[in-house]
Structure formats: C-alpha cells, structure tokens
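Here are my notes on the two-chain model, as numbered points. Please read them with the structure open.

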Amino acid sequence: MADLRIAALTKAFGGTPILRGVELVVSSGSLVAILGASGSGKTTLLRLLSGFERADSGTIEIGGQRVSGPSLHIPPERRRIGYVAQEGSLFPHLTVGENVVFGLSRAERRNPVKAEALLESVGLPASYAVRPPQELSGGEQQRVALARALAPAPKLVLLDEPFSALDAALRLETRQAVAVALAAAGATALLVTHDQSEALSMGMEVAVLRNGVLAQVAPPEELYRRPVDAALAQFVGEAVLLPGVASAGFVACALGRLALARPGADGPVEVMVRPEQIRLEPVARIGTVKAKVLAIAYFGHDASVEMLLEADTMPVTVRVAGHMAPRPETEAWLSVEGVVMAYPRSAPLVELPLPLASGKSPADKQRAFTATN
Amino acid sequence: MTLAASAIGKNAAAFGPRAAPAPLVAAAIFASALVVLPIGFTIIQATGVSARDAVDLLVRPLVGRLLFNTVGLIVAASATCAFIGAAAAWFVERTDLPGRKVWGVLAVAPLAVPPFISSYAWVSLSNSLQDFAGALVVITCAYYPLVYLPVAAALRGLDPALEETARSLGQTTWGCFFRVVLPQLRPALYGGVLLVALDTLTEFGAFSLLRFRTFTTELYAQYRTGLDGPESSLLALVLVALCVACLIGELKVRGGGRYARVGAGTRRNSRLAPLAWTRWPALAGFAALILGTLGVPLGMVGYWLLQHASAATSPVAPSLPLLLAATLASVGYGLAGAAAAVLLAAPLGYITTRYPSRWTVLLERTAYLAQGVPGIVVALALISLTVQLIRPLYQSAILLVFAYAILFLPFALVSVRAAMAQVPRGLEEAARSLGLGWFAVARRVLAPLTGPGLGAGATIVFVFVATELTSTLLLAPIGTRTLATEVWANTSTLAFAAAAPFAAVMLLISLLSTWLLANRLGAVAFAGRD
C-alpha cells in the first residue's frame, strides 16, 4: 500500500469547473472519507484518480509515482488502483468466485482456493464462489466488489458511495465488514460519500469537498467540533448559530457567556453551538437562560426540541435524550456544555430558513450549504 | 495510446465530455462513409445530366407509369397489410381465440419466406396471378407481419385502465375501440405501414417474376440493355428519395410511439375479449392467412420437388453438385456478409452507446440510411464505381461482401447497439481498474456479455444475405451461383421444377435461422425487423 498525494487538481466539463484545485495527502494505510453534497465533484475526483477521466491540470502521485500531471496520463489499467463502484458492477456473466479473481493472472485464476480465501477476507462464506452474483444481496455484492478490488493488491482502493444503494440495516453491517477488510489488508483507501454519519464513523480523516475544493481535511472529531466556517458546521451535523461578541477567549450571546474552542480576534462574531451541547435544566442556575418549548420532534433514542429564548426572538434547536424530552409549551433553563466555535462576522448574520424542530431535510441542508459559499 | 489519446483529447468538446478512442472513431466513420458511398456516387453520376434534360427525363410517360404502378401498389398493399396485420394482432393479443399462442408464432413466420420465393410459388400455381393482382397478393403475404409485430407489441403495452375508464364514462365496446384503442395504436400502425411501403419500394425479385414494372425492375432492365447512365442514376435517385421519405416518416412515428409507451411500470394484463361463435370465422381467417403465406410457398416448393425431372421445362436440370455448390455459395456469402456487417456495426454501436453526442448520433443516423437505399441502387452504383475507378474490384467477391455489409448494416447495428447498451459502463471501468487493457476488456467483458446480441445481429444479416437476390445477381463474380440466383434463373425460364430444390434449401436455411433467432438468441433478435 502506498500514500497518495494530490496537488492543485482541476477539472472542468464543457467550461463548467468541477474541481478547482484539490489538495490532499493520504498517508499509507489510512482511510480518508471524502464528504460532499451531490454535484460537489466527489465522483469526478475519484474518476480522475482512477484514470477514467483526464485532469485539466495538477498532479496525482501514488506511492511516489506520478500517475497524472502535465502531459502525463497513465491509463487506468496501469495505475493499480482498486475501484468499488456505487452499484458494485459485478460481471453478470461470471460466478462470484470468477469475479473476485478477475484481476489476477491466468495461473492465479485457476487456483480455486484463491477466490475462497478472498471471499473469506471480506467475511463471506467460501461456498459463495460458485454462485452467480445476481443471487447475492446488495450488501454481499458490495463485499464481493471489494474483494475483487483488493485481490490484485492495489496501491490504493477507491470506494464510490458503496453503501448508498443499501437499506439502513444492511448498510451498517456492510460498513463494518468493509472497514474490517480494509484494515486487515492495510489498504490506503478513499471513501466518497454524501452521508455525514458514514464519513464521520468510517474515515480516519474526513475531507469535505465543497465547490470543487476541499474546505477542510481533519479527523472526524476535529471536523465536527471545530469546523472552519459556519456553512461547514451546518453541513456536518446540525448547528445552532447565534450572533455574539467575542472578548478574551469568551463569547457573549443569547445562550450566555461561553468559552471559545479557538480564541480569535475580539469583536462581533457568529457563535456555533451543537444542539447536543445545550442542556435542559428544570430549575434556574447561574449561567442558565430561560426558554420556552416551541415544538418537539421525537425520534425515540433522542428528540430535537425547538426552544424560544426569553431574551431573543430566534429559536434554537436542542437535542436531548429521548427519555428527557420535555412537554410542549413548558419552560426550561438552558446551559451549554463544553467550548463553542465563533466565526468573524463582517456582514449581518445571514437569515437562514428557520429549521423545524425535526432538523432540516438533507436537501435543504445542501441548499443552505452551497448557497452560503 | 497516449499519443492518440492526447491528439483526440483536443476534440473532447466535439465528442462529449470524454473522447472516444481515435481508432474506434475512424472505424465508425468508415462504416458510415461506406453507406453514403453508393448514394453519393449515384448523385454525382446524375449531375452529368443538365437541368433541362433532367426535367425531360423525369417528366415522361415511363416515369409516370412507374410511379403509378409503385404508388398504386403501395397504397393497396398498405391497406391490406394494415387490415390483416392489425386484425391478426388484435385476435392474438386481445381475444380468447383458441391456439392464439401458436397463431402468434405462425403470423410472424412469413417474414422468413423471401418475397421472391413466395412470388415463384404463386406464379407457378397460376399464370393468371401476374402484374398488379399478383404483386398485391405476394406483397401482402410477405409484409403484413411488419404491421402485425408493432401493433401486437402496442396492444400488449396498452394500459387496460384507460379502456376501463372509457367504459365507465359510457363508451360502448366499439366506441372504446375507436376513441381509445385505435388512437393509441396509430404510431405502431403507421410505422408498420411505412415499413411495408419501404420494402415494397426496394423489392425487385418478386416483381420481376410477376412481370410487374416498378422502379427497381426498370433500373435492372436498363442495366441489362446497357442503357444505364446518368438517366438511370436519375431514376435511382427518385426511388431513393421515395425510400428516404418513408424511412424518415417511420423514424418519426416510431419515435413518438415509443415515448408514449414509456414509464408505465407494471400493468395488469388486459382482459381477453370472449369471441363466442365468432371464433369460427376468426379461425377460418387465420387458417386462410397461414395457408396463403406459408402453405402456398411450402406447398408449391414441395409439389415441384416431387415432380419428375422431365417436368423441369428447361435445360438446367437439377443436379446434386449444382445444388451443393449453390448452397455453399449462399452459406459462405451469408457468413462473410454477417461477419462484415457486425464488424462494421461494432465500433458504431460502441461509440454511440458510450460517447453519445450529436456527432455520434449523426454517424448512427447515416448508417441507418442504408435501409432507405434499395439493393439495386447500391449494386448499380458499386458497379459504376468499380468499373470507372477501381477496376480490379469489379465482379470480385470482396465487392459483393461489401455490398451486403452496406445493405444490412442497419440490422446488425440495431442488435449490436441494444447489446452494447445493456452492458453498464461500470463493468468496463471495473475491469480496467483491475489492470486490463482495452483489448482484454473487449475479450473478457464485452465479448461474453454482448455475444448473444452480436450473434442475433449476425444471424439476421446471415438470413438476409443467404436469400438476397438483387445485388447478388448484379455483383456476383462470374460463375458464382447462389441459391437465390438459381431460383431466379430457373423461374425466369419457367423451369419451376428445376428451381424447386434451390428454393427448398433456401426456405430451410431461412426457417432454421429464424427458429434459432427466436429460440436461442432471445427477443433481441426480432428487434431488427420490428
């Protein structure tokens, strides 16, 4: 396995720029998730890496070997990059076993043990080798596709939304199986997804692709806790945004005086608090603010509560454990746990469409995410 | 590879987001150019006539008579084919006619009988069946399935909910048929009728045997008497213009019809109308139809086969070596023509499915143009072309194979394209990311997956070539005789018994191949004639 270096990569289709200078370094053996809304250029990035498309400019190096650059374009078959497509793309005319060993030499293909060993490496029974791929479930097909991609010991494995076509239960199980298989193979892998929970749970690092550039590359916790700007905060999870004034490492806002995760310049700022950082308390304490419950979306394990602060006209979203959900129209006191982020506010705060208690739909979220860029 | 890729890369805008590999583009352009070649050459030859002469040549009794004959036959045959084809389709698809599955197969089978064999059968049955009446009978028998197939498909695709809605709004059975069913069948019906018209325009052998004068027979006569020149080219262009008009019309109605059927999801099947006592006349009608379309050709060939050789009223007595040689020639040219057509169609089908853009659509449409160019026009153009420019190719086997490839490229292309479109691009990309070069991808992924489709295309072309008469007659190397030319030669001299063995073998090849298509190569097979 090898490391991957992408520098100043650009690509346009018919004059419309898709990638505008992507920079990324993936160290050997790690799994990086590329998170992006649809149309952000995720798939284009993978297709440039695998060599199905030709980059307009910039370079791609895999294990120190340049595969794409000015007047250089190594064809896909010579890059040694495993590719797992969204729909698996198993060859329908071959058995599962024949699919798995497809990229191996003729001699290795003849060895029946090889396919069985590869199937077991992705957690599938060896007996599947003789079955036609159509008989497998979607999740199993994806695992076969991964085994096929890993078989020729590629330098890098690319996974293009491999779980998006699966239903929720199967997705979780397949994700785990894939993560285990990738770790066992010590593969350097790039996972493209639009699902933020998938990116956060699977990636050792998450790179957010936005408008053709990587907005932030960071470990999942860093990305979630300390997103570089407000739009990113809203894209990765839910965010409560409030106006505030920063001074000496703290910020004063409608939720009180909060400690800053990254103290910056003093002055007017936009404060970002995660809904689960806000706690509901039955009685007033020092540092709590009074609020009224407007609406509740109950999900079972937790609930999203929309609260109107007494001191403000803007509602905030609070996430509480399911059994702690308050009743509508009751009052409660809010406190904030942990540190918060603040972003310099030059212009007045953008009036975003008010999130309903249930949180925004992914489409709304994407719209807001791209609109503020 | 990299050089070629970078050279074509500059044309990326012209070929969509991704550029097709240069050799494939070149091969596709070659195939399309080959189709344009005969038409182009005919046009160039026709320009040898001054405008005034052209008017004189076109506005004269002969052209009038040919037009009258041709158009008259087309109008009559369209009506009979539309009626028989649509009625048969309705009975098979929508009624409880006993044995409707069998009738459905038998109704399509006449497509496997070459029209000039059918014409040989009718002529040898009765000499009175000549000229217009004979032509109408033969054309109807041969081509009504061209209406039957699309109308039957449309009937299967109709949403019964629409009819039920009409009934609930107070329509009677007949009102429902005329106001709801028929309008929806119209695209299929018109498309089928236009195909009948197109095939009537291009048919030669059947009319020649029936002594019915049309453009094709006239062109042949002019060539035979050495009168072919710019005048012939002009006449050929009139014919091509009529054909292309039919072709464009067919494309238009078919396009509209197809879209109308899209997006239906799963439907209930329509309720079958009970026929009650009317099933007896219906059965009698089907029996008569099959008797005329299959019984007469098969029966007459069988009858003449059993006659003593002395009944062969010609010096060309049937001999086994002759039969064997003709069979081998037909099969050999059939295989060569099929291989050539599929080879030409493959790159075209590949780039039109993988790199769709207006340029590839243009290339594809150009190739389909071959359907509108009658065999006689292609053959005459190729003869003039080789005689004037490439003498060594004149009357060579290669030229004949090229002529077949040009004529039947559309049929190969339909199958190839359907097969290629069914292979998701992801499969090729998966193979390439696993380290396979383009040739290995073609061998290990494309070939196995498109094999049945390509086989179907090749089989269709094989049947057409093995039974092809016009171009073979004009272009075959001296001494080469195929089954078709033997039947033609013997029948022209009224040696019906002598023609019978050749006709029998032809029918055998045709019916066997059609059976193979229907049973082994799947439904893709019939797409070519649908």
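1. Contact first. Two residues are in contact if their C-beta atoms, placed from the backbone, lie within 7 Å. By that test B:Ala341 touches B:Tyr404, B:Ala405, B:Phe408, B:Leu409, B:Ala412 and B:Val461, not counting residues up to four places away in sequence.

2. Provenance and numbering. This is a predicted model: local features need pLDDT of at least 70, side-chain atom pairs count only at pLDDT 80 or more, and totals for chains, interfaces and linings use all residues. Residues are numbered from 1 along each chain as its sequence is written, while chains are lettered from A and ligands numbered from 1 in the order in which they are written.

3. Chain B overall. Helices (H or I, at least four residues) and strands (E, at least two) are DSSP runs, numbered from the N terminus. Chain B has 24 helices and 0 strands. A residue is buried if 20 or more other C-beta atoms lie within 10 Å of its own, exposed if 12 or fewer, and partly exposed in between, with C-beta atoms placed from the backbone. Of the 530 residues in chain B, 49% are buried. Take the contacts in chain B between residues at least 6 apart in sequence: 83% of them join residues at least 24 apart.

4. The core. A nonpolar core is a set of buried Ala, Val, Leu, Ile, Met, Phe, Trp, Tyr and Cys residues joined through C-beta atoms within 7 Å. The largest one holds 274 residues. Which residues have the most contacts inside it? They are B:Ala341, B:Leu409 and B:Val461. Helix H18 of chain B (residues 397-421) supplies the largest share of this core, 18 residues. In soluble globular proteins, nonpolar side chains tend to be buried together.

5. A helix pair in chain B. Axes are lines fitted to C-alpha atoms, for helices over the stretch in contact, and angles run from 0 to 180 degrees between N-to-C directions. The axes of helix H2 (residues 22-46) and helix H16 (residues 358-368) of chain B come within 8 Å and cross at roughly 40°. H2(B) contributes B:Ala28, B:Ile29, B:Ala31, B:Ser32, B:Val35 and B:Val36 to the contact, and H16(B) contributes B:Leu363, B:Thr366 and B:Ala367. For residue classes, Ala, Val, Leu, Ile, Met, Phe, Trp, Tyr, Cys and Pro count as nonpolar, Asp, Glu, Lys and Arg as charged, and the others, Gly among them, as polar. This helix contact has 7 nonpolar, 2 polar and no charged residues.

6. The chain interface. Chain B puts 22 residues into the contact and chain A puts in 23. On the chain B side, the elements giving two or more residues are helix H1 (2-9), helix H19 (425-433) and helix H20 (438-466) of chain B. H19(B) gives the most, with 7 residues. By class, the chain B side divides into 13 nonpolar, 6 polar and 3 charged residues.

7. The sheet in chain A. Two strands pair if DSSP finds at least two bridges between them. Chain A has an open sheet of 5 strands in the order E2-E1-E4-E5-E6, with antiparallel pairing. The edge strands, each pairing on one side only, are strand E2 (16-26) and strand E6 (72-73) of chain A. Strand E1 (residues 4-13) of chain A pairs with E2(A) over 8 bridges; A:Leu9 has A:Val22 of E2(A) as its bridge partner. E1(A) and E4(A) are joined by 5 bridges, and A:Leu4 is bridged to A:Ile62 in E4(A).

8. E4(A) and E5(A) are antiparallel over 3 bridges, with A:Gln65 of E5(A) as the bridge partner of A:Ile62. Their hairpin has 2 residues between the strands, and A:Gly63 there takes a positive phi near 60°. Helix H1 (residues 42-50) of chain A lies across E1, E2, strand E4 (57-62) and strand E5 (65-69) of chain A, at about 65° to E2(A).

9. B:Leu125 lies in helix H6 (residues 115-125) of chain B. Is B:Leu125 buried or partly exposed? B:Leu125 counts as partly exposed because it has 15 C-beta neighbours inside 10 Å. Its contacts, not counting residues up to four places away in sequence, are B:Val296 and B:Met300. The C-alpha atoms of B:Leu125 and B:Met300 are 7.1 Å apart, across 175 residues along the chain.
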